Amino acid sequence: MNDEKSFIEIQFPVSKVSKESYKERKAGSSQVLTGLGKWWGRKPLTLVRATILGLLLPATSSPAKDREIFLKLLMMDDVGLKARKDKNISIKELYNFSNEEIRIKYFKLDGETVKYKTGISLSQKSELQDLVFDNMSYDDKLRYCSRIEDYAKLTQEDWHEINNHLNTGADSFQSLIKELGIKKFGNVPSIGDSFSGGGSIPFEAARMGLETFASDLNPLAGLLTWSSLNILNMTDKQVEELKIFQEKVFDEVTKQIDLWGLEFNDRGWRAKYYLYCNEVVCPECACKVPLLSNRVISHKQKVISELEFNEKLHNFNIKISSNVSNDKLKEAATSGTVKNNKLICPNCFQETSIASLRKDKKDTDGTTLYGLRKWSNDDIVSGETDVFHERLYCIRYIEKNEEKSWEEVIKKPAPATDSSFGKVHYSAPAEKELEMERKILSLVEEKFFKWQEEGFLPNSMIEEGDKTDEPIRTRGWAYWHHLFNPRQLLINGLFLEKINEFARTKEEKIIGLLGFNKCLDRMSRLTMWHSHRDEGEATFSNQALNPLFLYSSRSLSTLYNSWILNIKNSPFKQDSSVVLDDASNVKFKADLWITDPPYADAVSYHELSEYFLVWNKRILKDAFPNWYSDSKRIMAVKGVGETFNQRMIEVYKNLANNMSENGLQVVMFTHQDVRVWAELSLILWSAGLQVSAAWNISTETESGGLKEGNYVKGTVLLVLRKQTSEETAYLDELYPDIEEEVKYQINSMRNLDDKEEPNFSDADYLLAAYAASLKILTSYKKIEDIDVQYELSKPRTSNEESPIVKIIQEAVKIAYDYLIPSEFDNFIWKTLSPEERFYLKGLELEKNNIYQLAAYQELARGFGVSDYKDVLQNTKANNVRLRTASEFAMKSLNDNSKFGSSLLRNILVALYLSVKENDAAKGQAWLRKEYDDYWNLRTKIMEILSYIETLGRIENIGNWSKDAHAALLLKERIDNDGV
Ligand SMILES: C[S@@+](CC[C@H](N)C(=O)[O-])C[C@H]1O[C@@H](n2cnc3c(N)ncnc32)[C@H](O)[C@@H]1O
Ligand SMILES: [Zn+2]
């Protein structure tokens, strides 16, 4: 056993790992684990792989070589990227990426079209692929590469180099992991994750060859984790056998549905989707009105619904019209009968709020009393006197092409569209279809109690909660089965019945459940109709349970692709166990723990998962006799505040006790403000752990932007060791140590960084400052003037300043004084306002190809700048950049903002004028006029101009070229002024 530091305690290639993780994220449903089923907030496997490797690799005395080997192992170095290249660069791109010399040699232009010169051979073309690829930036290269988790083949030569550096004799990833473990811990390394969720951490760990322990409180998480470990490693033959089982069940369900004749109309067309809407009685005119927020059914086929008043019945006929004019389509998109939670009656044109339809009332102290009747267990549809009724109003049919069989139509491969198999029709239900609706209801009524007893239909009430209140309150749905209409209850129940009937092995039961859950996610009253894509959404297309007035219901023939799992198997040997337990109770001694707790995480796992669990009980019990099947809401770690903090301490005390003496932990959490950091560090410190490093991996996605700050995410990896010191200290004594640690940390990161392709941005240096301060703080057993219990009992919103927050802020200040742009004069830098520094540092980000919103947020936080929207030209995630002088023009000059009246803002105006009038004298005149003390400010102005001028020398910031050139001319002019 040895105590030497791990790679991740010294360095981490945050930029590359961020890019690779982002690539994985963007792959959507083709990610390895997502195919198994829904879980919220899965961590990218790339991130996990890099973290584990970082924990196991030693930090040697040659950090540059350490990094080289680390990247090699992840196939993230030049050689690895080349090996991962699996797409051809198009001729147009080849041309764009080439310099003049190469262009002349290889290409000719035919108008706008790029062509190869005559005589360019195949081997020359492939040489050119290599040449261009080699010169691309990391981001560009990635577009042509497979993901790192898809590909992990290292050559003999690679292993030779790896072994040389690490003093090992490995020939595979697994054997290397084993050797590293033995060196560090004396055994094959073991790893635990007590919040395993969708299974990312244990799955990747097991694939890499670690002994793996996984647990979660939630049985659905348990099911998914178990499946990742035991199904994704199957051989093709085993997977094939499971597929045969799945086909069998699907065919059996189809047989039954067809026997009942439930999905065909009179003309022999097969239903794909049923659209339902709610109806209410207008309190003003007493007619029955369908609630249609939007009357467009299909944009592609220009299908709309039209309301015709039925004098006799005092309600509306709903006519379905196809191929309508664009005007009609547009009108239908904007003229619904519900808008902003109000009913707009198409008969009397009166508006009534939905809340008043529900008869919600306020009691004397202002709390709302909900007016709807709560449904009872045996209510399958609404009762006569209920407010909301449901009505089938449109069906999407397919009329198959003669030469196709129904089997081909139903089992068409995933991306194929209906129209390649037949003709799609939308029509209103005729008498036959309404008859089928009644038949379905009577079938469900007939089976209802028996199926509930046998566990093929849920029988539990919905427990109130953050997310589960909504259906109870807005529909009176008190039992889980109320979230499903009779057609859905019948099909879902039938699936469970057939799985139960035909599954022989544990694996078959489990694959059955996974497929069932994927269907279930798409088979409820909460699945929206998507009129642009002509398909139904999933229930959990968002993280809530919102009942809808208009929803789509799939037919069985639309479920095939959800039911048949897309298993991305690749056999690997593994040694793992999966347990259901509260994290504060698990017992497994691990060398490493990597955990991703539901911390500052807004997902209500315990509530959302119940949607599935109430259906899963029976088969789950059969497959895992030792498991419970409820969500154990009471024990779930959730929310914020004192009890939550105490629960977290219990958990991490337990993990610290269950970790080898020189073991390491990584806690993942979402990067947020200093207070969250302070709180989490106190929790971990009280649990007996000490901070050893922290890295931020940015995982921004394209949705969001500045307004929705929540989407801008970074995952922090907080690296921890056991706290073993007996020393105590006073706060004041810590500051000099913190200052030293911050500077040391920044220096060592700077020394390591690659000038060509920088790994660290300012945001990373700042984070290093957070970590440095926490490292010092948590290295003591106790700080005399910090009352940990008291601090953890304060609400997060408390105005009282926490000493930990103060320490972190102090460290950030030290870091900021240290992070002056390298070309900038130190003394002048200190005279700039925070807003000016923010802008200039922002330019530095751009210089370094950093376009993440998070980086700007971090800068703003560090400089204490609160309003910076106006200085940004683009606020889209991963595309964020500042306004150039020309883009700014005269905007927000001398508005009330601090930036608007700053010297820098005026310098930008001067540049704008110089460019616009093509005359630097115009810019100079502006500055002279605006500043009485122009003469004293000259040096400062010139310093700023020189800085801006350097932007002109960088290729990738084309936006700046004119303005940067103007900066050069203006500077020369000012320099010569007065002589
Ligand atoms: C952020 S998620 C983990 C996601 C996981 N890393 C992944 O990649 O899918 C947090 C998990 O903590 C689990 N959890 C909540 N309270 C728990 C407790 N007291 N003990 C164990 N697990 C708990 C939730 O069920 C959820 O799966
Ligand atoms: Zn009315």
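Colleague: Is cysteine 345 buried or exposed in this model?

Modeller: Cysteine 345 is buried, because its relative accessible area is 0%. Bear in mind that the model is predicted. Cysteine 348, at 23% relative accessibility, counts as partly exposed, because buried requires under 20%.

Colleague: Which residues are the protein donors of the zinc ion (ligand 2)?

Modeller: Cys282, Cys285, Cys345 and Cys348 each give their SG atom, lying 2.3 Å from the zinc ion. Along the sequence the spacing of these donor residues reads C-x2-C-x59-C-x2-C.

Colleague: What do the angles say about the site of the zinc ion?

Modeller: Ideal angles for four tetrahedral donors are 109.5 degrees. Here the 4 donor atoms make angles of 105 to 112 degrees, and the site is tetrahedral.

Colleague: How should I read the sheet with the order 10-11-12?

Modeller: Strands of a sheet pair through backbone hydrogen bonds, either parallel or antiparallel. In this case 3 strands form an open sheet with antiparallel pairing. Strand 10 (338-339) and strand 12 (351-353) each have a single partner strand, so one side of each lacks a neighbour in the sheet. Strand 11 (residues 342-344) pairs with strand 12 over 3 bridges, and leucine 343 stands opposite threonine 352.

Colleague: What caps the N-terminal end of helix 30?

Modeller: Serine 802 does, with a side-chain oxygen 3.1 Å from the backbone nitrogen of isoleucine 804. Helix 30 (residues 803-818) reaches 23 Å from first C-alpha to last, close to the 22 Å expected. Its buried residues include Ile804, Ile808 and Tyr816, and helix 27 (731-752) and helix 33 (853-863) are among the elements covering the buried residues.

Key
Residues are numbered from 1 along each chain as its sequence is written. Chains are lettered from A and ligands numbered from 1 in the order in which they are written. This is a predicted model: local features need pLDDT of at least 70, side-chain atom pairs count only at pLDDT 80 or more; totals for chains, interfaces and linings use all residues. Side-chain values use heavy atoms; hydrogens and water are left out. Donors are N, O and S atoms within 2.8 Å of the metal (3.2 Å for Na, K and Ca); water is not among the atoms, so sites may look incomplete. Four donors count as tetrahedral if all angles lie between 85 and 135 degrees; four count as square planar and six as octahedral if opposite donors are over 155 degrees apart and all others between 65 and 115; anything else is irregular. Buried means under 20% relative accessible area, exposed over 50%, partly exposed in between (1.4 Å probe, protein chains only). Two strands pair if DSSP finds at least two bridges between them. Helices (H or I, at least four residues) and strands (E, at least two) are DSSP runs, numbered from the N terminus. The expected span of a helix is 1.5 Å times one less than its number of residues. Contact means heavy atoms within 4.5 Å. A polar contact is a pair of N or O atoms within 3.5 Å; within protein, one must be able to donate a hydrogen and the other to accept it, and residues adjacent in sequence count only if both atoms are side-chain atoms.
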